[in-house]
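Work through the exercises below with the model open. Try each task before reading its solution.

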Amino acid sequence: MVCSLGLTVLNRPELERIITVSGEICWEAITFYLHTSDAEKHDLDYIESVRSLGPVCKTVHLYLLSLSTQHFNNQYGLWFKWTNNRELFVEAFEAIRSAQPTAVSLSLMKLTACLERALGDVFLMIGNECPFLLRDLLASQELAAVFGQSVMNMLRVFLGSPTSLNLRNILWHGFAAPSEIPPMYTSMLLLLTAGLGQILKDFLARNNLSLLHRPYFQLTQLKELAVFPDINEEAIAAAKGIIEKSDFVVEIMLPYWKDALEAYKDQRYADCTILLLPQLEMGLRKHFTIVNNCPNRLLTAEMLAKYLDNGVINHLPSALGDPIMEILWDLLNHQEGPRLRDHLSHGEIDLKLFPREMASHVVALAIILLHHCHRGANGIAMENECLRTIMCSTHLYCSRFHPVGRLKQQLRRCLESLQKWGEIPRPTLEQASDRPGSDCLSPAAQTVHRCLMEGLVSALINRLKMVYDEDLNPFHYLLAEA
C-alpha cells in the first residue's frame, strides 16, 4: 500500500483546486477524494482513499518542489506556529527538496511526532485526558469539533490506523527502508499541517480561546544511565567497521545506520537517536527470527514474549543475556526509566535540547548489539580496545529502573543516612522536656523512653552490620544481588 498504491492513478488534479493563490488549503476539494466502505459513510475505505489521494499528493509534492525555502517559509511558516516547532517543518521541506531518502524518513518521523503532540495540545483545550495512542486521538470527538470530521478522516488515512498508510508507526517501529515511502506523502503532511493551522486560527478567534502547550518531558535519568564510556570518534569508527558485517543489521536498512553515526559526529544527537531506535527494534526482530528459527516472523515478532505462538520458549532473552536485556528494559520499558522511544515518538522531548549523554548511551547499546551478532566478534573485541571497554561495561549491569532495583536504591540511601546518625547532635534532657507533651511523662518514663529508642537504633545497626559485615557499607552486597 505505502510503496505503490498511491501511484497507480495518473490523472492529477490542478493545483488551483487544492491551494488558493494566497496559500489557503481547500479542504472541501481535498476531502472529496476520501472513500467510505459502507452506505452510511461511517468507515473509511483506506485502500480506495489512498489510491484516489495519490494524484493529489503528487500535485502537492511538485508544487512544493517548485518553491524556494524562503518562499515556503513566507507562505506557510505562520501556519506552523501552532505546532510550537515551526523550524522542524521548514527542515522537513528542505529534506524533500534534498531528495535524500534517509533525510526524508527522518523528517517524517519528527514531523509526525510533533504533529501528534500539537494535536494533543488542541485536544486539551476542550477535553480532559489526552489519548495515549495517535489513532485514538485522531478519532476523538474533541478534535472533530475543532477541525471537522472530514479533516480528521484525512489525517487518519495517513496516520491513524494499521490498515491505513500508517506512516508514523511503520517508520518509528523500523519497518520502512529509506526509499520505500514516497516523498510526496511528506509533502502532503506538510500542507495538511499548515491547513490545520489555518482552521485552528479561525476556531480560536471564534471561541476566544488560546492554545497552551504542555511542557516537554525532562530526561532526568542521565546519571543513572551513565554506565558506558563516552562515545568518541574512535568508537564511531569501530561501529562503522562492523555494521556491514553484523547479522543484527538488515541490509536494506544500512543507510539509516550510517547516517545515524554521521549525525552523532555532527553533534545532531536527537537525529542520531531517532534514526537508531527503530533500527534497534528491527535488529532485535531479525535476531528473534534467527535464534527461534522462524524467518517468516520478521514483521510480526513479539520479541519480549516468554513463549512463541506454538508454546515453545522464546530464546531471544537467553541469547542476548541478562545484562543486555536489563539495559533494553531500562531504556525503553520500565515506567521509572526514560522510556525513550515512547517519549520521542509522541513528540514529548525538546529535540533542540536533546542531551549528548543520552545519544551516547544509545550508540553504545547499538555497538553492543552489533558486536553481539557479529561473526568472529570476540576476535574484534580483543583487537579493539575501545570495543573491549564498551563490552566490559555491560557485564555487571543491573537494572536501575525495575521496581526491585528502585527499592534497593532507596535502601542504600537509608543505610547511608543511618551511618550519619552518630554525627547528629542529641538534645539534652532539659531540651527534651520543652517538647509538647513531654510534661505528661515522668522523669523515670522519659529515661525509659530514651533508653528504648537507643536500644532500637543500636539493635538495628548491629543487625545491619551482621548482614553486610562491612561497617554499614552495603554497596557490594546490593550490587551482587541485583
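Buried means under 20% relative accessible area, exposed means over 50%, and partly exposed lies in between (1.4 Å probe, protein chains only). This is a predicted model: local features need pLDDT of at least 70, side-chain atom pairs count only at pLDDT 80 or more, and totals for chains, interfaces and linings use all residues. Residues are numbered from 1 along each chain as its sequence is written, and side-chain values use heavy atoms, without hydrogens and water.

**Exercise 1.** Decide whether Trp-257 is buried or exposed.

Solution. Take the relative accessibility of Trp-257, which is 2%. Trp-257 therefore counts as buried. Phe-248, at 1%, is buried too.

**Exercise 2.** Classify the ring pair of Phe-72 and Phe-80.

Solution. Start with the rule: rings of Phe, Tyr and Trp (its six-membered ring) pair if their centres lie within 6.5 Å; planes under 30 degrees apart are stacked, over 60 edge-to-face, the rest tilted. The whole structure holds nine aromatic pairs. In this one, the centres of Phe-72 and Phe-80 are 5.8 Å apart and the planes meet at 35°, so the pair is tilted. Both residues are buried. They also belong to one aromatic cluster with Tyr-76, Phe-89 and Phe-93.

**Exercise 3.** Classify the pair of Phe-248 and Trp-257.

Solution. Read the distance: 6.2 Å centre to centre. Read the angle: 80° between the planes. The pair of Phe-248 and Trp-257 is edge-to-face.

**Exercise 4.** How exposed is Ile-313?

Solution. The relative accessible area of Ile-313 is 41%, so Ile-313 is partly exposed.
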